[in-house]
Amino acid sequence: MRLFLGQRAWVLQRVTALVLLILLALGAATLLTGPSLSYGSWHALATSTHGAVLIVVFFAALCLHGWIGVRDIVLDYIHAPALRLPLLALVAVILFAIFIRVVLTMAAHFAGGG
Amino acid sequence: MRARSAGAPKFLNLSQIRFPIGAIASIGHRLSGVLLMVSLPLLALALDRSLRSEPEFAALRDLVSAPWRALLLVILVWAAAHHLFAGVRHLLADIGVGSRLAQARTSAWAVIVAAGIIALAAALRWLS
Amino acid sequence: MRVSIYRFNPETDTKPRMQDYDVAPEAGDKKLLDVLMRLKTMDDSLSFRRSCREGVCGSDAMNINGRNGLACLTSLQGMKEPVVLRPLPGFPVIRDLIVDMTQFFAHYHSIKPYLINNEALPERERVQSPAEREKLNGLYECILCACCSAFCPSFWWNPDKFIGPAGLLQAYRFISDSRDTATAERLAYLDDVYRLYRCRTIMNCTEVCPKGLSPSHAIERIRLALVRESS
Ligand code: SF4
Ligand code: SF4
Ligand code: FES
């Protein structure tokens, strides 16, 4: 089994980049065309079904994209296996935790906000 | 492989190497990526806060009132802008758009300058 | 003109040093290599490789004022002084400006730089159409000078695992060859985080290629070919 894949990571990095670009453009368009953001309007937007889904997708793409980036940096600069593997594991755990945290946040407000 | 030069010196003093503009844009891409990664937990936190209550949402808007936080924010704005522009440049180059040397040099300059201008605008707005 | 040169003699030195030379170029001296040859007559301990003195053999690649290039193709005109000469970055130094190319050539051999074709031998030759031949332009001209690989940050960090721009350009030269039937195997060999995917399209390679070739473009085409292959 190959521990690190070549093309798969490269494609994933680009696909997540595209997802992030599209969502950022969507967000920017909403901000620029709508009225200025208040707590009420932001809360309503973020807790609507597609708002919540898009936020979760955004963070998922962000975490995956970041994972590949960090992994590349580690592969380039950090060669000692004793350092490399724990570091990669740590980053993976942190990114996963951040993603879970975002899901929990959205779930809490989704239920609470209706 | 064992080369006869095992233990030989290597010249790799980066300060004595003249980097082309594309390399500088690329180092910026990496650096900005690291900055954005480091601030990712803060972004997740900000999302949570912004949804909690009216005052916490307002507090986020007032983040820039402290100059050191405003400065951090300006740096992050630079990082986001540079990473985004450099990323789009790479995505286009991947499919063969602007991957010729002359165009790639111009677009590397454009990325660096555009990100700089955006950071400057943010600084003028929040730091003065 | 003042020339500052990286000196290292493994028999007497423990670490490299810079040595300054003052030399007056003469009327016929047009290229940096001419000055180096003149210096060699002044100080015969000074070591560097050279052969063809016209950009064909690829042996006098070095770091010239912070950029890699061939001494024989570098014009003296308009050169910034002092001219600082160092060996190719990231390569083990054997002596002065001479570096060990063992690993560089090992990468070159790893991509099987020869035609593979197991079909029955034709009567006379494997014919190529002009259009097919055209595809090899910009690829076959490489002189393996290593200017590109020795200017590639990705190659500096992983010189043992990343094939590097020179090797990848040659890999693409055989992938593009209509007479070669091993395209799929060649692509499969390259699909690896290290061999191919250490490249981050910095384009330092293309910046310094003295033959005006574009390894970064070849790498871009290999990646796209791999995407096509797997979809
Ligand atoms: S691609 Fe250019 S720089 Fe690289 S080895 Fe070939 S001729 Fe030299
Ligand atoms: S484009 Fe790729 S191969 Fe060329 S210098 Fe950059 S990282 Fe190296
Ligand atoms: S001496 Fe042959 S390439 Fe310069």
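Predicted model: local features only at pLDDT ≥ 70, side-chain atom pairs only at ≥ 80, totals over all residues.
The residues around ligand 2 belong to chain C: Cys152(C), Ser154(C), Pro165(C), Cys199(C), Arg200(C), Thr201(C), Ile202(C), Met203(C), Asn204(C), Cys205(C), Ser216(C) and Ile219(C). Colouring this shell by class shows seven nonpolar, four polar and one charged residues. Next, highlight helix 7 (204–208) and helix 8 (215–230) of chain C, each of which supplies at least two residues of the shell around ligand 2.

Proceed to ligand 1. Here 13 residues form the surroundings, and the closest are Cys142(C), Cys145(C), Ala146(C), Cys148(C) and Cys209(C). By class, the shell around ligand 1 holds 12 nonpolar residues, no polar residues and one charged residue.

Viewed along its principal axes, the C-alpha atoms of chain A fill a box of roughly 50 × 25 × 25 Å. The radius of gyration of chain A is 17 Å, whereas a compact globule of 114 residues would have one near 13 Å.

Keep chain A selected and switch to a surface display. Chain A exposes about 6,400 Å², of which carbon and sulfur atoms supply 80%. Of its 114 residues, 37% count as buried. Among the contacts in chain A with a separation of 6 or more, 77% come from residues 24 or more positions apart.

Finally, select chain B and colour it by pLDDT. The mean for chain B is 93, and 95% of its residues reach 70 or more. Among the elements of chain B, helix 1 (residues 21–38) has the highest mean pLDDT (98) and helix 3 (residues 54–61) the lowest (92).

Technical notes:
Residues numbered from 1 in each chain as written. Chains lettered and ligands numbered in written order. Heavy atoms only, no water. Near = heavy atom within 4 Å. Nonpolar A, V, L, I, M, F, W, Y, C, P; charged D, E, K, R; others polar. pLDDT = per-residue confidence, 0-100. Helix = DSSP H or I, 4+ residues; strand = E, 2+ residues; numbered from the N terminus. Rg over C-alpha atoms; globule rule 2.2 N^0.38 Å. Buried < 20%, exposed > 50% of the residue type's maximum accessible area, 1.4 Å probe, protein only. Contact = heavy atoms within 4.5 Å. Areas by Shrake-Rupley, 256 points an atom, 1.4 Å probe, with all protein chains shown as cover.
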